[in-house]
Structures are given as C-alpha cells and as structure tokens.
Amino acid sequence: MRKPADPVRRGLDVFVDAAPQPQRSSLRLLLALERRPRGRRLLARVHAIDLLANGLLAMGRYEDPVHAVPLGWDADAIAARGRALRHAEGRP
Amino acid sequence: MNGGRRRAGGVRTIDADVCVIGAGAGGAVAAAELAEGGMRVVVLEQGPRHDADRFSARPLEMLARLYRDGSQTTTLGSPPILLPLGRGLGGTTLVNSGTCFRTPPQVLERWQREFGLEALADAQALDPCFARVEHALSIHEVTPELAGRNAAIARRGAEALGWSHGFLKRNARGCVGSGVCAFGCPASAKQHVGITYVPRAEAAGAQVIAGADVRHVLTARGRASGVEARLLDGGRVEVRAPRVIVAAGTIHTPLLLARSGLGRASGQLGRNLALHPATGAFALMDELVDMAKGVPQSFYVDEFAAEGIMFEGVAGPPSYVAMALPLSGRRHAAAMADYRRLAMFGLMVSDSSRGSVRGLAGRPVIRYDLVEQDLARFRRGLQRMEELFRAAGAREVYLPLPHGVAPERARARDLKLMAFHPLGTARADARPAHGVVDGDLQLHGVEGVYVADGSVVPSSLGVNPQITIMALATRLAFGLLGRTVPPATTDEEAHVLSD
C-alpha cells in the first residue's frame, strides 16, 4: 500500500492537477526528475527548465507553515484576521 | 423575465432583454447597469461563485482554485509567457492586484486616429463612465503606511534618482494589507466586481447563473436571438434575448464567437493580441523588508512610460517568491533564507508584439513572439531596475536572467515573463474590414451582439486595463438603455452601492 502523501506534496499535486494537458504530464515528469539528484543535474543543463522545476518544488516547500512561519508568513493567521474583519464589517 | 421553463430534452429556457456572457470586469458592470436601468438581464458565468471563507492565504492552493487552468495558461512562442486568468464571479478582478489607471489620453487619441473610434475614445464622453466606476469601486490612492516597506524601498530609489513615481490607486475598502490580493482577499477589502457589481445586478433582478458553459451565441437573420449553454449538472439552458453581450475575456471571447460563426468577416478575430508582458526583479537589502506585509502593488515608477516601460510594485508570501526567484540550487536556497530582507519590483512593457488565439479541441492555443522592439524595452527596463535597487541601497540584485547574462545582451529566450493584461482579439475599429466590433462595441454586420471585455481594446494601454474595460462596459450599457451616463454619485452613495 502506498504511504499517504505529505502536505507539501499534496499541495503541489493539487496545483499540478489543475494544469491543462500536456503541461500536467510535463510538470509531473519535471517534479519527478527534480526530486532525484541525477534528475536535478540533468535539468540544470537548461536554464528555463531548471528554474521551473526548482521553483515548483520550492513553492510547495514554502507553502508549508514549517518553512513559511519562520520567514514571518503565517497564512492561517492572515486568513483568520481577514475573515474576522470581513464578518465584523458585514462584507460579502 | 421568467424563471425558466423546461422544454423537451431537458433544455431550460429563459426569456430576457439581455444575456451577458461572463461576470468579469466587462460583463458584471454591464449587467448591473442594465438591470438597474430596468432591463431583464441573465448573466451566464462559466466559473463558480467563490466563498471568501475558503480563501486561505496559501498561494499554491488558491492558484489551483481561483484561476483558469490553475494559473498555468501559457503562450507558445519565444519566450513562452505565463498568462494567469481568473475564473469565477469577478473574473480576473477577483485575483488581480487592484491597480486602477484611467486610459491614458495619448492612447485614446491613437484609437481615434488609427481605428476611427472618434466617439468611443472621446475623453470627455468617457469621463463620467470612469467617474461612475471609480465611485462604485471605492478607488483611492494607497497610503504610504499601507504600502509597506517593499514600496518604501522603490520610493527611496526613485527619489535618489529623481525619477517620476507615485502611489497607485486601487479599488479597496478597509484594506489591512493582507498581502494576498492575487490569491483571494480574505477580508473582502478588494472591491472586485464579484462583490460589487454582481450583487448590484442581482439586487436589481438579474439572474446570475454560475457554472454555465456557453456553447453558442444564437442569431437569426443577422440579429442576436439568444445563447445556448451547458450547466454543471449536465443540463442545458437556452436564454432567448434580442441582445447578447459577450464578455468571456480576451482569450475565450474569440473562441466563442468563432464557434458561433460570428465576427470572422474582417479576418481580425483572434488576432492583434497584446499582453503587456512583464517580469520581476529582486534585491537583497540590509534592512528587514517583509515584502508581503502591506499592499503588494502599491507604488509605481513611470519615468520611462513614454518608452513603453512601466515599473509597478509586486510582492508575495514565501511560496510565491520561491517560484518567482530567478535562481536555482544553492543560490535559490540562500536567497530564500534571506526572504525577510528581499525586496521585489515589477517591470511591464507596453508591447508592440502581437499574438493570436485560436481554438484547438475546445482549448485556446495562444501564439505570441516578442519582437525586437519589446526585447529592447526589457533590456533597458532591467538595466533601469537594477539602478533603482542600487540607488535604494541593495546589497545584491537578482534580475530575471540566466546567471552571467547582462541585461543588454539578453535574448528573448533568456527572459522569464508573465503577462496579466491580454487585450485586442476582437478589436474595435470603425471600419468593418479592420475590426471585429464597431465604435458601439457591436459586432460588424450582426445586430444585437456586443462585446464588452479586454478583447475590444484595440491597442496596448501601457497601464493596467481593468477600469478601461469597466468604463467601456458602462458606456455600452447606457447606450443600450438610451440614456446618458449620469454624473458620479457622492462618496457616501458610492459606498452604499458597493456594499
């Protein structure tokens, strides 16, 4: 049985799943390569591809509060503050 | 308007005076004004009605939820350009930065001169349309306090260099600088049309149907007769209306018109695509920046606007920056470790390049190649951007170019570009052989079919287009009502309108 995906991987999966084909398959391949040292070395040969793959994986990593909160970004607190303000002022 | 009848074959029919396709900047505004003017209006929106309680301030999650294709719509060409488009009630106004510029006077003059649009581009006649939109959306200038430290750095650089600059005007009320305008404002402070004009339309009796995928605009004997759409539950709806306003956006409007066999006579449908290609640069500062605290797009530098180069603020949470940083490997990791001291600013080009949109298996294929003139603008713009950051005291500057490539030697394929302002694919031109719609935004040769979105804008604007589109939609609505646009209401009344 496969282990359930961690939250970072789940967030990335949702993002990649929303992409149209054939980008979706390409992104999955890129991420699979970027997660492996040999794959990473291969991708590093093409600047634009390297940036995309590295950026995608990093985007997932920094969405995780474990990495974001120490950098001063607490998404849950921002969303909760916004919600409270919206409800208090009766905005839609 | 009737509430809808079932016909044989499960097709629901609705009679209306006007059917509006799309609830973004153009469609929502036209629908509200027409409904308030007494017309029976049906709005068909392909995307969902979003619940602000589910706005999580997490970019990755919200990109997947609020954008078409999870924000991964991309052009084909050199270089490929990411073209994020909003999806749902509010359209792209739901996810844009909220920046509001009126159409620059020199652009209006060009529309009159080159496209024969004397009435449409009459600055005096458009003035009450802009004023009405500005009041309805509570548009005002960002304060320095709300703009945050990212803007303060750009301001410091611009002042040191003596460059023209200022704080941007935005459609926001009660903004606390959540920093996630592009990912769904959790405070509903940004006054996008999904929470302003759409509720107004509904309050005035318009029927707004979300999740309605319009398949065809129907015509009979050269006149509009209605619209056919598929619903999420598998059902179908036919709106019978003598007027149809197509406002599906610059990328999807030409596809819908082509599918309906409309608008093709001039050969211009789907062509003349302008994008305002853009990019972002970063600077490592000695001071704490915390770029996501404050309004992400709050400040501009327009010193080089006459050359087609505009600098506007951009910023985001760590995950957004992680994707946008033009670095990889250890350099990327080191820059992210210094996220709190990173500043970011954007560069947008008023483009001469023109692309095209066509449909393939029901999806848009967007072709766009950067011409030499625009590449030169990016080269110069990036040089100036570096100057701006250095003048502000940057310790390091990260330009969106491969390591070791200087701006003046950049090739198109070296650039990392995005674009947020697609325009022109059903452009207005008084001459039927040169444009898709006329000066009243009506399709040439077809009575009763109008277009009210970015696709009618015949040239690059050089500034963010949302209130240009809204003002044109206001003008169209009052034209259909046969009334002049009334003077703007007072601030107090405007707030009531947008509540």
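Author: Let us start with a pairing: the bridge partner of Val246(B) in β22(B) is Val451(B). This is a predicted model, in which local features need pLDDT of at least 70, side-chain atom pairs count only at pLDDT 80 or more, and totals for chains, interfaces and linings use all residues. Residues are numbered from 1 along each chain as its sequence is written, while chains are lettered from A and ligands numbered from 1 in the order in which they are written.

Reader: Which strand pairs with β13(B) over four bridges?

Author: That is strand β3 (residues 18-21) of chain B, again in the parallel sense. Here Val18(B) stands opposite Arg243(B).

Reader: Why are both faces of strand β13 (residues 243-246) of chain B called covered?

Author: Arg243(B) and Ile245(B) on one side are buried, as are Val244(B) and Val246(B) on the other. A residue is buried if 20 or more other C-beta atoms, placed from the backbone, lie within 10 Å of its own.

Reader: Why are α5(B) and α10(B) called roughly perpendicular?

Author: Helix α5 (residues 144-161) and helix α10 (residues 372-391) of chain B pack at an angle of about 100°. Angles of 65 to 115 degrees count as roughly perpendicular, and the two helices are therefore described in that way.

Terms used
Axes fitted to C-alpha atoms, helices over the stretch in contact; angles between N-to-C directions. Parallel < 35°, antiparallel > 145°, perpendicular 65-115°, else oblique. Buried ≥ 20, exposed ≤ 12 C-beta atoms within 10 Å, placed from the backbone. Pairing = 2+ DSSP bridges.
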